[in-house]
Every structure is written in C-alpha cells, then in structure tokens.
Amino acid sequence: MYKLTFILSVSLFLFSCSDDDFIETRDPNPVIEEPINESLIDSFLWTVPIDSSTIRNRTHNIARHALLHGDLVIFHTPSLAGWVALDAKTGETVWDNRGQLNRSEIVDTPIQHGDNLYYMRTSSFLKLNMNTGILELKELWPVKTEFQNNYSTLDDGIIYNTIDPFNNAVPDFVEWVRISVDEIATPPLNWTRFNRYVAADNEEVFRGSGQPNFFTDANAHKNMIYPSNNRTADLINTVNNTVTSFDLDADTIKWHKKVSNFGAFSTPSLIEEDRLYYLVDSSMICLSSETGDQLWKADSKYFDETFAFGAGMHIVGNKIVAIGRNQKNVGVDKFTGEVKWFVDYDANHPDRLAKGSQQFSTDLYQGRIYYISGWGQLVSLNPESGSVRRYYLPDRPYIEEYDIQLFEPWFKFNGMTISDDGIIYLSEGLRFLALEVPDKDL
C-alpha cells in the first residue's frame, strides 16, 4: 500500500534531473587526491554463490540488505524469500531461511537490537533471531481497516511506527504507535496508540508522517520530531510541508512548523545535538530541535528533488554530505549551510561513473564515505573536497569454479556494509562477496 507521506516522492522519482548549468565549486584549499582514481577489483577474501543451482545460468538475485551481527554477515535476498547468514571471516553458511519467508522487498532498513532483527512488511511486524535465522514472531496488524506502515524506528528500547486507513477506509487519519522491545513476545502485541491526527478536523488536509528523530529538550522532556507532506484529498496537490515536535512526556505537541510549500522530504533526516537537518523543497534546511526555528537554508541552486531518493545525508566532521539519486553530490557546512563543494557528474565529467546512489548502499570508514553509484561502481568519497576514487569489476571475468563468464558485472541495486576492520560485504547479483576496503592504506 502506497502511503500518503511520500506519494509526491514517488512521482518525482519518475523524472530525471535536468542538466542545469551549475559550476563546480571547491574549497579555496582543496584536498588533492592521489592521481589514480579508478581501479579494478579482481580479488576477494571469499565469494559465495547466492544460488548455486542457478549461477551457471547467470540468474541475478539482488542482495538488498547486508547486516553485521557478531561474527556473521547477514544478507536479505527478497527474490529467494529470506535471509542467509555467513561466517564473516570464511563465508561459510551458518544458517539459511530462504524459501521460508515472503518474496517481497523490505522497504526500510531493519532494526537490530540485541540478538534480534525487527522489521515491517505489508502491515506485518516481524522478529527474526539473528543467531539462528528463526522467525520468532510475525503479526499482521489486527484491525482490518488500518495499515501499519513500512518503517519502524527504535529509540531507547522503544519501537515507533504509524498506522493509517487501509483500502480507502474513513475517516482519513494517521496515528502513532509504540511498544517496548521487552514486550515483544507472542501475539497479540500490546501497541500503545498516541498522537492521532484526523483530516476531517483540519479542513480535509491529509497528513503523512515520516521517520522521527528524538531529542531531550531544556525541560528534560523527550521529544519525537517528524516531518509531514500534507496534501488535499485528491492526494495530488501539496498544501505544505511541516515538521512537528511531540512531547512524549507531556503527551502533547510542543511545536509545529511549516518549512516549505512543495517538494519531497528525504528519509531519513539527521539530528545532531540541538540541530535537525532535512532535505526538502530541493534544498537542505537546518532547524532548532528546541524551538523548530529555521537556523539556515542552503542555496537551492545546488540541489534538486532527486536528493530525496539517493543515499541521503551524512555528517562527517563539520560537513554534511548529501549524495543524490541522479548526478549531484554536495558538501555543506553543518553550522552555517554554506555550500563548501559541489559536483555535477554530467556527461563530460571525468568521474561521471560515480554519479547516482541509492539507499542501503552507503557506509562510512576512516572518515570517507563509500557508496554504490548508479553505474554499479564502488565509490570512495572524500567529504572534505567531494573528490572520489572509483572501483569497478572486470568487464568479462571468468569464474573458473562454475565455468561461466560474466558480462559487465556491477554492484548496482545491492546493499553494502563495512566492518570496523575494513571489510566490505556486498554482491554483484550472482555471489556474496567480501573484500578489503580498496583504499584503506592510501
């Protein structure tokens, strides 16, 4: 079920960004990269076929999520209906529940807490034991006229989510629900409802609610702060975009701010100390977590709507780096909003194959940002200057073990994670792969 919150986001995703005549800008004293910025990846610590029965037919199976848990790396393969856990050092299979779950994508990054994995899928809440692969709980939201949304957020041992009408049920509403992880055992789960919004009480303005951030205010009260794209009943016309701070201790809204009239929010947003950061209305804004007042707004000429769909924002040092869905990356001073560097990977850019990104494909290691580009390359980005190093697979590698030759393999569409000791876990669609961060010693 497509949710009200991000309907405009979906529509904007269908359009490519324009080739604006932006000028690439840099710091006055940029960090100079090593002269070699493109290298071949032709060795791995281990490789494991995603499906040994189909690899000779070159059947691709996307490994969307790659998660680390202790000595395990756990991959989700939606087309094979489940998860598989491998020994992170050797690649040996520890458990495999593929074929036992639904053949559908997990929209949001699952929550890891203790030995368990929690996530939503088609209005069902699931709990998976990461040590055994056993699905310990799956509960469909019990109210037939309501739908539990695809994302969940964990804060201080509490999982938060929203519900809204299912199958055009009336009245239109959005309501928050929460539950302690200590209470998640056997159905029925005892979710607590709070902060209900009904469109009929606000001139039929339909409101969705994006993923929240949490902030302890000057009164030592915990606040849940979340964005909303607000629309008319036809779900087409945007009324405005707002951010709301809900005081969880006082059980009331603390502040509610309009931030723009148009555009899709990025998900997720960022919070650091008393500052909130959002990509919205083809720009980046910073709000006070205490009051909701806008502290700054970045120059919109460096942004477009596709930033709402890419690998998101990342705080590294004093900068926020935003990696776009199409061809733009930007580095912003987190205190002032000043754009420190900007790169438009147009057709003439020497590193054009670094353009484009997607969720689940980004991680940080030793002060650099690593992501999978729209061309399926592994990109290492310097957040100080925006310069990159690119790593790619051989054009037509021969896999002797399976007597097959691949044609232009890439990492595109797959998830990625990096361990603390600098091992990257990802896939090219045929194999699970482990390799050392290629530039860790540069």
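1. Does W176 count as buried or exposed? W176 counts as buried, at 1% relative accessibility, where buried means under 20% relative accessible area, exposed over 50% and partly exposed in between, with a 1.4 Å probe and protein chains only. The model is predicted, so local features need pLDDT of at least 70 and side-chain atom pairs count only at pLDDT 80 or more, whereas totals for chains, interfaces and linings use all residues. Residues are numbered from 1 along each chain as its sequence is written, and side-chain values use heavy atoms, with hydrogens and water left out.

2. The structure holds 15 aromatic pairs (rings of Phe, Tyr and Trp, the last by its six-membered ring, with centres within 6.5 Å; planes under 30 degrees apart are stacked, over 60 edge-to-face, the rest tilted). W176 and Y226 form a tilted pair, 5.1 Å centre to centre with 55 degrees between the planes. Because W176 lies in strand β14 (residues 173–180) and Y226 in strand β18 (residues 222–231), the pair ties together parts that are 50 residues apart in sequence; strands here are DSSP runs of E of at least two residues, numbered from the N terminus. Y226 is also buried, with a relative accessible area of 3%.

3. W410 and F413 form an edge-to-face pair, at 6.2 Å centre to centre and 90 degrees between the planes. W410 is partly exposed at 34% relative accessible area, and F413 is partly exposed at 34%.

4. Charges also sit over rings (NZ of Lys or CZ of Arg within 6 Å of the ring centre and within 35 degrees of the ring normal): R196 lies over the face of F173, 4.1 Å from the ring centre, and the charged end of R207 sits over the ring of Y197, 4.2 Å from its centre.

Conventions
Helices (H or I, at least four residues) and strands (E, at least two) are DSSP runs, numbered from the N terminus.
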